[in-house]
Each structure stands twice: as C-alpha cells, then as structure tokens.
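I opened my notebook today to look through a structure that is new to me. Here is what I looked up, entry by entry.

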Amino acid sequence: MTRSSRTYRLHCFFLSGSLITRVVLTDGERAHESYSCCAHWLLIFKVLFLTKFSDFALAEPIQKAIAAGGYTTPTPIQQQAIPPALEGKDILGIAQTGTGKTAAFSLPSIHHLLNNKKRAGRFECRMLVLAPTRELARQIADSMTGYSKGLGMYVTSAFGGVPINRQKRILERGVDVLVATPGRLLDLVDQRFLNLSKVEILVLDEADQMLDLGFIVPLKKIVPLLPKQRQSLFFSATMPKTISQLADQFLTNPIQVSVAPQSTTAERVDQRVTYINQDDKQRLLKDFVNNENPDHMLVFTQTKHAADKVVKNLMAVGIHSAAIHGNKSQPQRERALGDFKKGKINILVATDIAARGIDVDGITHVINFDMPNVSEQYVHRIGRTARAGASGISYSMVAPDERQFLRDVVKLTGVSPDVVPLPEGYDEPAREEVASRIYGQKPKKYGATPTRNGPARNKHSARKGRPGGGGSGRGGPGSGAGAGAKSDGPKHWNNGAKSFKRRQARNADA
Ligand code: AMP
C-alpha cells in the first residue's frame, strides 16, 4: 500500500494593494497549488483560528468532561488533529508525550463512538489503542476513562505482567475501547478471546518506541487482523524512514500534523552537566539530593542493575526512592509510580524503557545518572520536567566515556548545558575515553560494535540519519562548553581500564 501524506502551506503576500494568499497542498510526491480552494481554506481556518474546545464540533458531554478536567485551551497538536480526526480522516502525527496528544486522539474518537452508538459484540472492541509500555497503556486508559466519564462507555487495558484471565473475562463481554501492548494483544487474539475484525478506530501511539522495543513483528501480525474500513491515527515522536514505512501499512491518505520538533523542549529546561568519574557518581548523587532537597526528581540510569544500585545506595544514607524497570513486577512498577505521583517518595529511578510516556506532573529535576546513548532519548528524559509549558532542571553526570554522547546531544538540541564544577573532595575525571577504547574497536568501526548497547546506538543513528558518534569526536560541534575538555588530565588514566570493565558489565545487564 502506498502512503500519500498531505501537508498544507499557506503563503500570504500583497499584490496591487490586495492580500493574495496561496495554498500549497502536498499530497504524497505531488504538490498542488491553489488560490481559491474553499475546502482547503476551511481546514486552514480551523487549524489557525480554533483556540477553544467549544470551537470543535465535539458532543456536549465530551465538552463537559473537558471542562471538568480543567482544560480551557486546546494544545497545538489538539488544534491540528481534532478537526480532521472528527471528519474521519486518518492522521499521521509527529508529537511527543507532554504535548496533549492523548486528548488529541481520544476526544474525536470518543465523539465518533458516541455518535455511532452501538454495542461492541462479544470478544470485540470498537476502538483499539496500541501503546509500547504497560505504564503508557494504563495511563491512556485512565485518561480515556476520564474523557468519557458518564457516557456509558467501557474502556479497558490489556498488557503483560498481570494475570490474563481478568482481561479475558472483560473482553468476553465486548468493550468500546481497548488500550493494549502488542504482545498481550496477540496472546489474547491467539487464545481467541479477542476478535479485531470490528475495530472502527485504530490508534498507534509512540510508534518510534514500538520499533525500538522490537514490536515490528507483532505490529505486522496485527495489521491483517484489522478491517480495511477503519480510521487510523498514528503518532510518533520522530519520523525516520522506518516509521513512515510502518505508517504506510496503517494509514490511508493521512493528514499530517506535527508540533514543534522535539529538540525545542530542551530550551525550556535549565540544563547542567558535571564531568565526573563513573565511580564517584553515587556519592555526587547523594550530595546533590542533600544539598538541593528536590521535590520530585527522576533519575535515569542506563541499566536495570544500575537503577537498583542507585536506590540501594540512597537508602544506605536514609534517602527513600524506588526503581521502575523491566525486571520489576507489574505491581512493583505500579506501586513505585503511584508513590512518586502521590509524593510519598521524592525520587524515582528509572530506565528509559520504563519511563517513556509516563505522565507525572511537577517533576522538578531530571538526573542523567548515565548519559543516554541515543540523543533523542536525552530530549525525552529532560522533557519529563518541562511538561505542559513548565520548566525544570536537568543535571547530567558525564563520565569520560560518555562525552561523545553529550556532544551528540548538543548537536541535536543546539543547547550546551552549563558546566557545574565538581564539589571539593572529588577527583577530577580521567582523560576522555574514546569509543574505540570502550568497545575495543577502531573509532570508524564504532558503528558496527557488537555489544548489547552498541548496535542500538548505531541502529538509531543510522535510522535517524545522524552520525553514529564515531571516534573521539574532538573538535566536533559539541566540543565547546558542552563537551568541556577542561577536566582532562593524565592523573587518572588508569581509570580508563577500570571503566572499560565496568562498561562491559553494564552492557551485559542492559
Ligand atoms: P499527553 O501528551 O497526552 O501525555 O498530555 C500531557 C499532559 O497535558 C497531561 O497531563 C494532560 O492531562 C495535559 N493536557 C492535555 N491537553 C491539555 C489541555 N488542552 N490543556 C491543559 N492540559 C492538557
């Protein structure tokens, strides 16, 4: 199936005293120009001038639910996506979490389900939302339950890590909305407790993370189970070629909507960085917590093992925190997240996979205990503290072997974090370790390093059309304030060998 994505551009200029406007519609490969097309005008008008929820043709009870939720103004992604979605069009949306995209796809879908009221048959669902993680699935289901409050709609979720039997019992009756992770969804289909042939609306959320998590095979299995006649809404934070190819399989003549590129989130966050030896990070984190006394702090580690270690070390000095990662049971994950949301604990330590898409208001600090090896991940991480227009502080602890990751981040975001010097009593970090030393290959072959972390970095870099971070990167775009070689020194060169072993151990645990 070929995809034909549409974008509209509006050009205004004066000619002989008259305001002339030109609309360019790009439909797949072709571009059409128009000076007087009413249909396009209508859409442009809707996108540009709808600023209140009451401007949308949403059913009255939905408007009430929106007001009850305290929303007054639609976010940009809602302004762009809701009008075409209400018209039943397919949507290809480029937006991160935190932009209000859950409501952008939920509100018009609930409107459709309400306007075409019918009972879902046994083992059927009318709307299917696919999400990459359990937490996100649960969160979307909670939001949709709120948006459809009092409308007699049945919203449920299905994901792994919890007993399947309850999910089977619920599906047996049929549901209006099912929010699911792909693996559990296929389990339910295989066991004949779910029939997708009556799905009217399909939403695929966080498509890029779906691919990162290896869900491409389950997704390809799900497509043929869906009816051809349906509305599909597809959202991704980034749109590399692999994602648009995936979108081709789900969408028909989609309207493309997007909000500001994800790297702009970084501008609202007060970004700080300290160059430090890996061995000193635990101590620095404790000092940081004691000095800053953060209200609501999210700490990111690269591995599950590292997350547990951070929790243990904080606990040793009486600082309470909890970890959330793939080795924790679902009840443990939910308890940790719940305690963090309610403020019972101030610190949540997470791996990227567990944290993506999690919507927690009021996060004051994001700590990169380990730098992410994919630059976009940095933007996702620090974006946890800049939700809904808020600002916050991010603090990255950069070990010598992570400096290239920082340069990649500076290149992506165009923002160089402020360098915070190490407090007294800490050894200056060792000389920068080049990638070849970490992964035991020549810098230019860094892209093909067969470690567990290595290929992911390269896969992403290649997919996203970015340089893969090869070599030492000296003199690269991030080598100014962001990469700050000021701490380099021959004093601790031996740390390189230690760090190499440590890094390998971390990789084995990823
Ligand atoms: P999302 O990107 O869907 O995860 O939404 C991020 C946060 O923004 C959630 O806490 C939503 O409740 C909130 N939100 C969504 N739409 C609006 C809106 N129009 N006005 C205010 N907050 C909103």
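I started with a term for helix pairs: a crossing is left-handed if the near helix is turned anticlockwise from the far one by less than a right angle, and right-handed if clockwise. I also noted that helices (H or I, at least four residues) and strands (E, at least two) are DSSP runs, numbered from the N terminus.

**Ground rules**

I am reading a predicted model, in which local features need pLDDT of at least 70, side-chain atom pairs count only at pLDDT 80 or more, and totals for chains, interfaces and linings use all residues. Residues are numbered from 1 along each chain as its sequence is written.

**The whole chain**

I found 19 helices and 17 strands in the chain. I call a residue buried if 20 or more other C-beta atoms lie within 10 Å of its own, exposed if 12 or fewer, and partly exposed in between, with C-beta atoms placed from the backbone. Of the 510 residues, 46% count as buried. Two residues are in contact if their C-beta atoms, placed from the backbone, lie within 7 Å. Taking the contacts with a separation of 6 or more, I saw that 75% join residues 24 or more positions apart.

For the geometry, axes are lines fitted to C-alpha atoms, for helices over the stretch in contact, and angles run from 0 to 180 degrees between N-to-C directions. Angles under 35 degrees count as roughly parallel, over 145 as roughly antiparallel, 65 to 115 as roughly perpendicular and the rest as oblique.

Helix α11 (residues 281–292) packs against α12 at an angle of about 55 degrees, and their axes are 10 Å apart. That angle makes α11 oblique to α12. The crossing of α11 past α12 is right-handed. On the α11 side I listed Q282, L285, K286 and V289, and on the α12 side V310, N313 and L314. I sort residues so: Ala, Val, Leu, Ile, Met, Phe, Trp, Tyr, Cys and Pro count as nonpolar, Asp, Glu, Lys and Arg as charged, and the others, Gly among them, as polar. This contact of α11 with α12 then has 4 nonpolar, 2 polar and 1 charged residues.

I also stopped at H305, which sits in helix α12 (residues 304–316). H305 has 17 other C-beta atoms within 10 Å, so it is partly exposed. From H305 to A323 is 18 residues in sequence and 10.0 Å in space, C-alpha to C-alpha.

How do α4 and α5 lie relative to each other? Helix α4 (residues 101–115) and helix α5 (residues 134–147) have axes 10 Å apart and pack at an angle of about 45 degrees, and are therefore oblique to each other. Here too I noted a right-handed crossing, of α4 past α5. T102, A103, S106, L107 and I110 of α4 meet I140, S143, M144 and Y147 of α5.

Helix α15 (residues 375–382) and helix α16 (residues 403–413) have axes that come within 8 Å and cross at roughly 75 degrees. They are therefore roughly perpendicular to each other. S375, E376, Y378 and V379 in α15 meet D408, V409, L412 and T413 in α16. The classes in the contact of α15 with α16 are 4 nonpolar, 2 polar and 2 charged.

**Inside the fold**

Helix α3 (residues 76–86) has 9 of its 11 residues buried, so it is largely enclosed by the rest of the structure. Among those buried are I77, I82 and P83. After α3 comes G88, with a positive phi near 85 degrees.

A nonpolar core is a set of buried Ala, Val, Leu, Ile, Met, Phe, Trp, Tyr and Cys residues joined through C-beta atoms within 7 Å. The largest has 67 residues, and L128, V129, V177, V179, A180 and F234 touch the most other members. Leaving out residues up to four places away in sequence, F234 touches I91, L92, G93, L204, A207, A247, F250 and L251. Another core lies apart from that one, with 42 residues, including V299 and Y395.

**Two loop residues**

Most residues other than glycine have a negative phi. R192, though not a glycine, has a positive phi near 60 degrees. I found R192 in the loop between α7 (182–190) and β8 (201–204). R192 is exposed, with 9 other C-beta atoms within 10 Å.

N253 is not a glycine either, and its phi is positive, about 40 degrees. N253 is in the loop between α10 (241–250) and β10 (255–258). Is N253 exposed or partly exposed? With 13 other C-beta atoms within 10 Å, N253 is partly exposed.
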